[in-house]
Amino acid sequence: MSVLRVFRKIAAALLFVALGSTMALILARRAPGDYTDTLRASRMPEDAIARERERLYLDRSLPELSRIWLAGLARLDLGTSYRFARPVTALLAERAPRTLALVSSAVFIAIAAGILWGTGLVHGRPLIRAPLSAAATLALSMPAIVVLFALMLVAAKAGWLAQGGHGLVIPILGVAALVLPAAGALARLHAQALDEALAEPWAAASAARGVSDGVLVWKLGMRIAATRVASVMPLVAANIFGASLLVEVVTGWAGLGRLMLDALVARDVFLVAGCTAAIAASVAALALAADVVVAALDPRTATREAGR
């Protein structure tokens with residue numbers, strides 16, 4: 001991957017973070033009510049409420065509020081949370097690692113499971129291909145939150161939630177709920193890519209030269225199919241990120257999802273924008289990593305980019 005392309009990707013990622021977080025700020029500010037409604041409910045004098053609105057920038061217009069946010073974002077100063085009376089960066093530093101641990105675990109497990117699953121759809125025994133295909137269709141058609149409720153029902157029936165390992169069972173169920181839909185989608189994609197790769201002339205030529213089926217599938221065909229899987233990983237990771245926010249709320253996982261919910265309920269506009277910026281930055285970093293992996297697997301992509 002050329003240095004120029006890396007710089008273009010980084011610039012696009014920064015623009016993505018800035019625009020996404022600013023839109024979240026505007027939408028949160030445009031929602032009915034604001035943080036000072038709770039102060040009115042406590043019968044605080046109007047002059048004190050006016051001073052508080054000025055301190056929190058709630059008296060500013062949307063363009064001015066957006067300018068303040070973007071200026072702070074450029075300095076990595078995301079303002080102060082109304083709800084927690086703490087810097088937004090400190091809150092993100094506490095919560096983001098927990099969400100990243102949840103999402104990264106789900107992403108890596110989904111990749112491994114999807115590749116094995118998809119390979120079984122193409123190269124597995126005929127007896128198991130139909131069940132694997134039906135399972136993949138069912139998995140990718142179910143939202144992660146539905147999978148989570150189903151898994152929690154099974155766990156409750158089995159008595160796992162009532163035992164001492166409750167603190168370990170819930171995170172495992174959360175990861176499993178994120179993995180299953182993503183793995184089903186990747187299995188379908190990988191199976192199609194692997195099937196197309198093995199149908200190319202080079203595969204028939206390799207088989208004619210005595211290359212074993214195992215080497216043909218697991219080494220040569222897998223490398224070509226993995227390029228397509230890597231190219232869609234940013235979309236898969238973005239879907240997992242979005243689903244993880246709901247999963248965190250349901251399971252009580254203290255990550256960005258719970259923090260975002262608290263910010264939305266409190267109309268904490270800077271915290272909403274900060275959470276959005278953290279999520280957008282993570283997705284953009286995964287997209288850049290995916291481009292690096294694709295370039296490593298298929299150097300022709302770098303050549304095509306250089307020719308543009």
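Predicted model: local features only at pLDDT ≥ 70, side-chain atom pairs only at ≥ 80, totals over all residues.

Reader: How many helices and strands does the secondary structure come to?
Author: The C-alpha trace that carries them spans about 85 × 60 × 30 Å along its principal axes. The secondary structure comes to zero strands and 14 helices.

Reader: What percentage of the residues count as buried?
Author: Buried means under 20% relative accessible area, with a 1.4 Å probe and protein chains only. The chain has 308 residues, and the buried part is 41%.

Reader: How are α11 and α12 oriented, roughly parallel or roughly perpendicular?
Author: Axes are lines fitted to C-alpha atoms, for helices over the stretch in contact, and angles run from 0 to 180 degrees between N-to-C directions. The axes of α11 (residues 233–251) and α12 (residues 256–265) come within 7 Å and cross at roughly 85°. Angles of 65 to 115 degrees count as roughly perpendicular, so the relation of α11 to α12 is roughly perpendicular.

Reader: Which residues of α12 meet α11?
Author: Contact means heavy atoms within 4.5 Å. On the α11 side the residues are Leu 245, Glu 248 and Val 249, and the α12 residues that meet them are Leu 256, Gly 257, Arg 258 and Leu 261.

Reader: What is the volume of the largest pocket?
Author: On a 1 Å grid over the protein atoms alone, a pocket is an open set of points with protein on both sides within 12 Å along at least five of seven lines, whereas in a cavity a 1.4 Å probe fits but cannot get out; lining residues have an atom within 4 Å of a point. Grid points are joined across faces, edges and corners, and a volume is the space filled by probe spheres set on the points. For the largest pocket that gives about 470 Å³.

Reader: Which element gives the most to the lining of the largest pocket?
Author: The lining has 23 residues, and those nearest the centre are Ala 13, Leu 14, Val 17, Ala 277 and Ala 281. Elements giving two or more residues are α1 (3–30), α5 (88–123) and α13 (269–297). With nine residues, the top contributor is α13.

Reader: Which element gives the most to the lining of the second largest pocket?
Author: This pocket holds about 360 Å³ of space. Of its 20 lining residues, Val 107, Phe 108, Ile 111, Met 233 and Leu 286 are closest to the centre. At least two residues each come from α5, α10 (213–231), α11 and α13. The one that gives the most, with seven residues, is α5.

Reader: Which element supplies the largest share of the lining of the largest cavity?
Author: The largest cavity contains about 30 Å³ of space. Its lining is Leu 102, Ile 170, Pro 171, Gly 174, Val 247, Thr 251 and Trp 253. Both α8 (166–198) and α11 supply at least two of the lining residues, but the largest share, three residues, comes from α8.

Methods
Residues numbered from 1 in each chain as written. Heavy atoms only, no water. Helix = DSSP H or I, 4+ residues; strand = E, 2+ residues; numbered from the N terminus. Parallel < 35°, antiparallel > 145°, perpendicular 65-115°, else oblique. Buried < 20%, exposed > 50% of the residue type's maximum accessible area, 1.4 Å probe, protein only.
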